[in-house]
Amino acid sequence: MLSILLFLLIFSHLNAESKTQKLKDHNIGKIKTPAEHFGFEPGADRMLFDYEELIDYLQKLDNASTRLKLTEIGNSPMGKKMYIAFISSEKNIKSLNKLKDINRKLALNPNIPEPNRDSLLNKGKVFFLATLSMHSDEIGPSQSAPLVAYDLVTTEDSQKREWLDNVVLMMVPCHNPDGMNMVVNNYKKYKGTKYEGTQMPGIYHKYTGHDNNRDFITLTQEDNRNIARIYNKDWFPQIMVEKHQMFSNSVRYSVPPAHDPIAENIDAGIWNWSKIIGANIATDLTKQGLHGISQNYFYDEYAPFFSSSSTWKNVTSFLTEAASVKYATPIFIEPTELKGYGKGLSEYKKSINMPSPWPGGWWRLSDIVSYEKASIMSVLKTASLHRHEILKFRNDLCIKEVSNGKTIPPYYYIIPLKQHDESEFVNLVHLLKEHGVHIYQLNKPVVLDEKTYQKGDIIIPLSQPFRPFIKEVLERQKFPVRHYTPGGKVIKPYDATSWSLPLHMGVKVDEIKNPYSEVLDSAYVEIKEIFKLVTEDIPHDFEAAVFTVQNNESFKAAFLGLQLGLKVARLTKAANISSRTLAKGSFIIYNNADKISSFKTLIDEINVPPIYISNLSKIESSTMKIPKIALVESWLHDMDAGWTRFIFDSYHLPFKTVRPRDFEKTDFTKDFDVVVFPNNRKSVLMSGKIKTRSGELIIPNFPPEYTKGIGKKGMTKLMSFAENGGIIISWGNSSNLFQGILEIKQENNTKEEFQLPYKNISKILKTSGLYCPGSILKIDLLNDHPITLGMKSETGIFYNGGPVFATSIPNFDMDRRVIGKFPEKNILLSGYCEKEEALSNKTCLVWLKKGKGQLVLFGFNPQFRASTNASFKLLFNSILLSKINE
């Protein structure tokens with residue numbers, strides 16, 4: 001009886017599948033072309049569709065075709081659903097889960113028996129991941145998505161059908177759905193006016209704007225985690241392209257290989273495969289009459305910030321970059337305006353890196369779309385032709401990296417449980433697990449390199465498939481200096497040169513350079529669950545919970561506690577409770593029977609346990625409140641302000657955004673306690689214009705209502721706010737606002753002119769040869785100061801050539817204190833710095849006083865791209881400074 005029921009169940013399922021198949025076969029001829037669906041051909045002049053329209057079309061293709069399956073992968077930061085469109089043969093689409101399992105085994109298993117491996121290689125397909133338009137002003141790739149999908153699901157071309165038999169295209173139709181709609185809506189708003197094609201005011205993302213592809217180590221953004229999960233944990237594709245656009249007046253299309261420098265932890269085979277794929281793209285596009293294809297140009301493959309961090313996970317990954325138009329508005333480019341730029345193409349001439357130059361003329365969105373579609377087809381062709389080799393290479397590389405981890409130092413990284421900032425220690429473990437790294441914990445004490453490690457310490461063996469990534473992010477960076485000619489000019493990096501997580505996060509990690517296989521073979525077990533420190537249940541009877549100031553999460557606990565209506569105080573003096581020292585500045589959150597559910601909410605969010613105490617009689621503290629914060633953000637794609645908003649939101653720190661144009665009508669003294677200036681140019685903040693290195697002012701490409709600055713009246717108003725007891729915090733180039741002659745308007749309408757006792761001397765240092773493109777440098781901090789509470793006496797900060805301060809003896813009602821300075825020598829910790837000795841004993845963090853006002857000026861970004869956790873406390877402490885004479 002059971003067998004009959006089972007047969008009927010299977011028959012019913014197969015019959016339903018058959019009906020679905022017949023329905024899709026019937027519908028295939030009824031699929032609307034993209035032009036029919038949207039009412040215009042994608043790429044048409046001055047026409048754009050938005051994200052919902054894009055997904056609606058792909059869903060219709062999914063409903064009608066057996067060659068496409070649309071799958072959710074998560075949500076964007078603003079709540080839009082994100083998708084992968086799997087496009088392949090009907091057979092492959094039906095077998096996606098089986099093929100996924102093959103991918104996983106080839107990517108992660110170094111011990112597949114040879115007969116089994118041969119079977120997997122014969123059955124497996126190349127998975128080619130394409131992520132489109134993460135930068136939303138680079139709109140062409142997403143606009144090309146419907147054309148790519150329609151062509152592949154309807155084609156009867158035997159060659160393309162063969163590609164689909166051998167390859168699964170995984171197309172993320174838009175990496176940044178929120179930004180896509182922002183840009184499209186802004187374009188439509190000004191379409192038909194003289195401002196058509198101007199830049200979108202603000203940033204095209206909830207927080208990061210163009211910096212969203214600088215987030216693929218720290219994975220702070222939800223959309224980026226969705227993308228990274230594809231190659232870290234879920235699908236393990238063998239090839240990945242991230243599709244971009246670039247400047248308009250150079251080559252038409254940049255394809256791999258990239259320019260030097262390249263990452264040294266990457267296997268040579270990855271670079272060689274990228275050459276093969278790039279050469280085929282260049283050949284195929286040129287054959288189709290698409291000119292201006294360049295290779296080895298402008299972009300390097302040194303930093304793993306980008307989604308091509310998948311390269312460090314053994315995926316052959318690369319970028320393509322198309323020349324831009326004004327969104328959908330064509331542009332005409334004179335031949336005399338075409339240029340080459342330094343790396344790989346110093347002149348716009350026929351060369352080995354661009355053998356068929358584009359001659360100039362009209363350049364349209366339809367051109368970009370043509371290049372994008374053709375490049376996707378080229379990669380499909382290459383992947384199909386080399387299917388077996390590519391799959392074998394992936395598993396060969398898995399075997400090789402696991403072997404390297406057993407034979408080449410370092411062999412392990414160990415993260416001791418005992419850390420200055422326990423919360424960042426936990427965050428580091430979580431982050432590495434998110435990257436697909438296998439994390440283990442010692443189950444007994446061991447002695448390695450004459451040092452004893454305790455039970456519970458974290459250990460990370462390097463004998464893992466993702467060894468290149470582990471080593472890359474846990475070691476200190478040493479930039480591979482390369483020259484254009486022997487002994488000549490150094491090839492500069494494209495972006496920053498440090499991403500060492502231990503230094504950026506302030507976590508001690510030890511590198512073990514001896515194998516110790518006999519000692520460690522049975523000494524650790526894998527952490528498969530969510531990692532957390534041992535916690536005790538909330539006691540039934542306690543007076544307060546103390547969160548130590550050394551932990552970043554303690555600031556989050558304090559801010560969240562106040563948000564939840566709990567009473568919060570801060571220690572004004574160190575205290576000893578039950579043989580434990582509670583540092584000055586630690587946070588006390590009081591027990592309140594009526595608020596116990598709120599307290600539990602807080603505890604659930606904080607990643608380290610507090611210290612529960614039952615007697616507060618020996619503790620000296622002051623009640624804490626959150627100051628009213630103004631965050632200054634310009635309309636000119638102010639990414640650093642966006643990152644600051646993200647940090648404030650993540651730590652439950654309320655704020656209000658104030659635009660420079662609004663300063664004159666803002667009552668800072670009445671409405672705010674603290675005004676925060678993230679890194680921005682003084683010219684942008686003051687006048688809404690961009691000042692070039694030569695001193696020329698440029699009007700930015702925005703409608704005029706978005707290019708108004710603070711102005712002299714607004715600045716006077718701001719300084720009056722400070723005079724009346726306000727606190728100003730500024731970092732990077734914004735600190736130049738406060739240099740030189742400033743003015744305060746007194747109550748009797750008289751004006752006071754003054755100069756704060758500091759100046760920025762970075763230009764002088766740069767003339768002596770100082771060059772630091774973004775590195776971790778050591779600084780010494782003033783001990784026992786309100787700004788440095790919870791910090792060690794020295795730390796690493798992310799410095800990229802920003803201000804360096806020289807203080808002077810103050811006059812009148814002013815004062816200053818040097819809070820942080822570079823040491824005399826051994827300044828560079830990770831990355832690259834030329835003439836670092838120019839920074840010797842120079843000031844990089846200063847506190848200033850004018851009347852009752854206080855200014856804290858940073859020569860570095862304390863929250864750079866939400867990745868420099870080690871210096872977050874300096875920012876939070878500055879925000880919590882007590883007012884003078886209050």
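Two strands count as paired if DSSP finds at least two bridges between them. Keep that in mind for the views below, which all come from a predicted model.

**View 1. Strands S13 and S17 sit side by side, running antiparallel.** Here you're looking at S13, residues 412–415, next to S17, residues 458–461, with four bridges joining the pair. Pick out Tyr412 and look across to S17: its bridge partner there is Pro461.

**View 2. S13 and S17 belong to an open sheet of five strands.** Reading across, the order goes S18-S13-S17-S14-S19, and the pairing is antiparallel. Going from one strand to the next, the twist averages 30 degrees.

View 3. Zoom in on the S8 end: S6, residues 253–254, pairs with S8 in the parallel sense over two bridges. Tyr253 stands opposite Ile293 of S8.

**View 4. Helices H3 and H7 pack together.** H3 covers residues 51–64 and H7 covers residues 140–154; their axes are 10 Å apart, at an angle of about 10 degrees. Angles under 35 degrees count as roughly parallel, so that's what we call H3 and H7. From H3, Leu54, Tyr57, Leu58 and Leu61 make the contact, meeting H7 residues that include Ala145, Ala149 and Val153. Sort the contact residues by class and you get nine nonpolar, one polar and no charged.

**View 5. The second largest pocket holds about 1100 Å³ of space.** Which residues lie nearest its centre? They're Asn427, His430, Glu553, Lys556 and Asn607, out of a lining of 39 residues. H14 (422–434) gives the largest share of that lining, with seven residues. H18, H19 and H20 each supply at least two. By class, the lining has 18 nonpolar, nine polar and twelve charged residues.

Methods:
Residues are numbered from 1 along each chain as its sequence is written. This is a predicted model: local features need pLDDT of at least 70, side-chain atom pairs count only at pLDDT 80 or more; totals for chains, interfaces and linings use all residues. Side-chain values use heavy atoms; hydrogens and water are left out. On a 1 Å grid over the protein atoms alone, a cavity is a set of points where a 1.4 Å probe fits but cannot get out, and a pocket is an open set with protein on both sides within 12 Å along at least five of seven lines; lining residues have an atom within 4 Å of a point. Grid points are joined across faces, edges and corners, and a volume is the space filled by probe spheres set on the points. Ala, Val, Leu, Ile, Met, Phe, Trp, Tyr, Cys and Pro count as nonpolar, Asp, Glu, Lys and Arg as charged, and the others, Gly among them, as polar. Axes are lines fitted to C-alpha atoms, for helices over the stretch in contact, and angles run from 0 to 180 degrees between N-to-C directions. Angles under 35 degrees count as roughly parallel, over 145 as roughly antiparallel, 65 to 115 as roughly perpendicular and the rest as oblique. Contact means heavy atoms within 4.5 Å.
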